[in-house]
Amino acid sequence: MADARNVLGTKLEVCSISPMTGFYRDGCCSTGAGDFGAHVVCAEVTEEFLDYTKARGNDLCTPVPAYDFPGLKPGDRWCLCASRWKEALDAGVAPPVVLAATHASALEYVSIAELKRHALDLAG
């Protein structure tokens, strides 16, 4: 995973260590054979997105101590499932993304143009 690439083709950067995110809980949106949800989109969650995903059956706000999950609040960065981010995009509530911390495999679900339109870290 040390050679993981982001959607820009460069080294995958850390998404968040507070809260600690990633399928492997290493702060990065790395992926592997066991990551069936493809937790590869580094997003800065919004209240609208958190409400949306809760309504869709995935409550990301409520802490789950058994899984060392603190619960998210607007402004937290989190590695989201690529398919859920795309679903939120189609519903008009996609949270902004950090391209440098979004794994290249996200491009199997969404286009680079869609990601760039929602990018926090796109210069110019």
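What is the handedness of the link of Cys-29 and Cys-79? With -95 degrees about the S-S bond, this link is left-handed. Before we go on, please note that this is a predicted model, in which local features need pLDDT of at least 70, side-chain atom pairs count only at pLDDT 80 or more, and totals for chains, interfaces and linings use all residues. Residues are numbered from 1 along each chain as its sequence is written, and side-chain values use heavy atoms, leaving out hydrogens and water.

Let's stay with the cysteines. The whole structure holds 2 disulfides (pairs of cysteine sulfur atoms within 2.5 Å). In one of them, the sulfur atoms of Cys-29 and Cys-79 are 2.1 Å apart. Cys-29 lies in the segment before E1 and Cys-79 in strand E2 (residues 77–81), so this pair ties together parts that are 50 residues apart in sequence; strands here are DSSP runs of E, at least two residues, numbered from the N terminus. Both Cys-29 and Cys-79 are buried (under 20% relative accessible area, with exposed over 50% and partly exposed in between, using a 1.4 Å probe and protein chains only).

A disulfide also joins Cys-15 to Cys-42, S to S 2.1 Å, and this link is right-handed, with 85 degrees about the S-S bond. Cys-15 sits in the segment before E1 and Cys-42 in strand E1, 27 residues apart. Cys-15 and Cys-42 are buried as well.

What about Cys-61? Its sulfur is 15 Å from the closest cysteine sulfur, in Cys-81, which is too far for a bond. Cys-61 counts as partly exposed because its relative accessibility is 33%.

Conventions: Helix = DSSP H or I, 4+ residues; strand = E, 2+ residues; numbered from the N terminus.
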